[in-house]
Amino acid sequence: MKTERLNTDILIIGGGTAGCYAALTISENSDKKVLICEKAHIKRSGCLAAGVNALNAYIVEGRTPQDYVDYAKKDADGIVREDLLLTMSQRLNKVTHRLEQLGLVILKDENGKYVARGNRNLKINGENIKPILAQAVEKAENVQVLNRVNVIDFAVKDNKINGAFAIGIENDTFYTIDAKAVIIATGGASGLYKPNNPGFSRHKMWYPPFNTGAGYAMGINAGAEMTTFEMRFIALRCKDTIAPTGTLAQGVGAKQINSLGEVYETKYGLTTSERVYGTVNENQEGRGPCYLRTEGITPQQDDSLIRAYLNMAPSQTIKWIESGKLPSQQNVEIEGTEPYIVGGHTASGYWVDTNRATTIQGLFAGGDVAGGCPQKYVTGALVEGEIAALSAVNYVDNSKQGSIEQSDIDKHINEVTGFITKKTSPYTTEQLEEAMQTVMDSYAGGIKTNYRFNEKQLDIADYKIKQLMSLVSTLYAEDFQELMYIYELKERLTVCRSVIAHLKARKETRWHSFAENLDYPNKDEKNFNKYVNSRLENGEIKIIIRDLVQGGKEYEHIN
Amino acid sequence: MSISINKNKCIGCGKCRNVCPGSLIKVDSDGKAYIKYPKDCWGCTSCIKECPVYAIDFFLGADIGGMGSKVHTEKKGDILSWIIQKPQGDSIKIDINQKESNKY
């Protein structure tokens with residue numbers, strides 16, 4: 001193993017949507033040196049790999065940023081940070097125009113105006129949206145990208161971040177990175193629960209299976225305050241391919257129907273969680289399977305849908321062709337995915353102030369890891385990258401760089417060495433990952449229990465996840481890629497533990513399916529119209545219940 | 001969903017290995033690309049779009065409705081063509097102009 005020491009002004013962890021835009025922002029607004037650590041390659045890494053065919057967060061003509069805040073607040077039944085939603089919404093259109101300048105194709109009418117899809121969406125050709133962003137980053141001044149370098153931990157002392165530790169998965173290198181500020185821009189956490197198709201097709205296009213919750217886990221372990229992990233995200237998707245449904249529901253107006261042909265969506269409500277819950281319930285009561293009603297659409301619509309999905313989730317187009325029936329001839333079956341933790345859709349993640357500063361000095365968060373601000377989608381993640389970047393620049397200008405202690409470096413090198421020098425282990429990393437997914441599926445509200453759970457089950461889940469955590473130190477890695485897999489497992493287990501603690505702490509059912517506690521089947525407006533936050537203290541998860549931040553107010557961290 | 005790499009066509013340029021967002025593609029001792037972790041592929045098709053000799057195919061697993069078709073893309077100017085080769089021998093070609101937006 002080689003060791004290398006690097007130095008930068010601002011370290012960005014994760015070169016996805018938010019991370020790339022943060023780098024562009026710093027480059028354009030300062031002379032600070034930026035280093036992006038990306039565990040794959042920024043050209044196609046993150047959520048935008050295959051593309052996307054709509055921008056789902058845009059303030060269309062006649063609407064205001066406050067309308068977007070109101071929509072997201074209603075969808076989450078109040079548990080959002082209005083300050084974060086508003087500062088995001090105010091910049092959505094600016095980042096959209098910037099994307100267009102960089103080369104993104106956006107649909108316009110004959111007068112050159114964007115064509116809206118519904119109240120908040122624009123139609124685009126986004127197959128190459130990530131290469132467009134990555135290319136801009138590669139051209140940006142003062143920005144260095146390290147591809148295939150996976151950050152494994154923060155270097156934090158006295159609640160101040162001084163850099164991070166990383167491994168080069170293709171060059172067998174351990175990196176110690178000194179930085180004046182750090183922007184965490186990693187993805188959410190997939191792969192915590194047993195997936196829809198656990199066999200050959202366990203991974204699907206809609207969300208990267210490589211997003212392991214690394215940013216959450218590093219924050220949890222460093223003692224950062226985290227929020228709303230109990231608001232899990234369950235996506236309602238095209239069955240099997242798990243391709244997005246918005247293009248069908250909003251694009252061609254397809255309604256959710258059961259096997260009797262009845263439109264059921266109005267019966268349960270139209271929020272994101274209610275749409276999932278309705279589908280689960282129709283199946284449970286014997287009226288499944290459920291579909292999006294596409295039969296009867298025109299051949300032109302068929303043709304457009306086939307193209308739209310190739311630009312975003314090609315598997316769905318292939319599935320239509322393999323089945324011999326296009327959407328006009330056969331309704332599209334839908335199902336819920338396994339639960340994810342993803343701050344781009346729900347409010348899970350770091351507890352940040354209005355400027356996206358976390359509770360750790362010098363650490364800023366944007367995108368999927370930043371909590372309190374759901375319904376970000378692509379443009380919202382870009383905005384958060386921008387806000388976090390400007391805050392980081394300001395911080396660097398006004399603070400002194402700390403140093404990473406040698407004992408901290410030695411501790412991390414020893415841990416890595418332990419994994420790569422062992423030759424045997426009772427279990428493989430993959431076996432422990434499967435065990436974790438089975439525990440979460442059975443006892444923490446997975447697909448198996450129709451996303452429902454009770455406190456006794458959560459206690460069992462917590463016990464079993466802790467047992468699995470104790471087995472991680474027995475694992476060994478043949479090479480640095482397998483070493484990364486061990487760290488990814490550790491990250492997922494850390495996130496699982498926090499998710500279980502949060503699910504247990506919210507003693508109500510505010511969102512069906514997302515957090516459906518059978519011991520408390522009703523909403524408790526008096527006690528839980530509040531945030532459930534947490535912080536790891538001496539190895540134990542301490543729950544902190546906080547009052548809602550009222551609209552129109554900024555938020556600064558308080559103890 | 002996953003991919004298969006035809007070693008007879010592969011010229012060992014390494015572009016697929018470079019772009020894979022899961023770092024799943026490696027170079028074998030013969031200098032050709034292979035997918036080391038096929039079950040970890042999520043079907044993003046990034047590698048397929050990079051391959052200059054169309055050596056990589058995308059396919060659906062039988063567990064999610066795959067019927068044996070193989071898919072690759074070819075790019076000429078602004079046109080990205082998707083070629084779906086069915087096991088019976090016939091194929092479908094869908095051309096997408098990358099300067100044109102999705103309509104739905």
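Two strands count as paired if DSSP finds at least two bridges between them. Strands (E, at least two residues) and helices (H or I, at least four) are DSSP runs, numbered from the N terminus. This is a predicted model, in which local features need pLDDT of at least 70, side-chain atom pairs count only at pLDDT 80 or more, and totals for chains, interfaces and linings use all residues. Residues are numbered from 1 along each chain as its sequence is written, chains are lettered from A and ligands numbered from 1 in the order in which they are written, and side-chain values use heavy atoms, without hydrogens and water.

**Exercise 1. A sheet in chain A**

Solution: 
- Step 1. Begin at A:T227, which stands opposite A:G349 in β16(A). Strands β11(A) and β16(A) run antiparallel and are joined by two bridges.
- Step 2. A:T227 also has A:N533 of β20(A) as a bridge partner. Here β11 (residues 226-227) and β20 (residues 530-537) of chain A pair in the antiparallel sense over two bridges.
- Step 3. Move on from β20(A) to β21 (residues 540-547) of chain A: eight bridges join these antiparallel strands. A:E537 faces A:E540 across this pair. The two strands form a hairpin with two residues between them, and A:N538 in the turn has a positive phi of about 50°.

**Exercise 2. Two helices side by side**

Task: Decide how α14(A) and α15(A) are oriented to each other, parallel or antiparallel.

Solution: 
- Step 1. Helix α14 (residues 429-443) and helix α15 (residues 455-471) of chain A pack at about 170°, with their axes 9 Å apart. Axes are lines fitted to C-alpha atoms, for helices over the stretch in contact, and angles run from 0 to 180 degrees between N-to-C directions.
- Step 2. Angles under 35 degrees count as roughly parallel, over 145 as roughly antiparallel, 65 to 115 as roughly perpendicular and the rest as oblique. The two helices are therefore roughly antiparallel.
- Step 3. Look at who touches whom: α14(A) contributes residues including A:L432, A:M436 and A:V439, and α15(A) residues including A:L458, A:A461 and A:L468.
- Step 4. The contact residues divide into twelve nonpolar, two polar and one charged. For this count, Ala, Val, Leu, Ile, Met, Phe, Trp, Tyr, Cys and Pro are nonpolar, Asp, Glu, Lys and Arg charged, and the others, Gly among them, polar.

**Exercise 3. A glutamate that meets chain B**

Task: Is A:E322 buried or exposed, and which residues does A:E322 touch?

Solution: 
- Step 1. Find A:E322 in helix α11 (residues 314-323) of chain A.
- Step 2. With a relative accessible area of 11%, A:E322 is buried (under 20%; exposed is over 50%, partly exposed in between; 1.4 Å probe, protein chains only).
- Step 3. Leaving out residues up to four places away in sequence, A:E322 touches B:G65, B:G66, B:M67, B:G68 and B:S69.
- Step 4. The side chains of A:E322 and B:S69 make a polar contact (2.6 Å). That term means a pair of N or O atoms within 3.5 Å; within protein, one must be able to donate a hydrogen and the other to accept it, and residues adjacent in sequence count only if both atoms are side-chain atoms.

Conventions:
Contact = heavy atoms within 4.5 Å.
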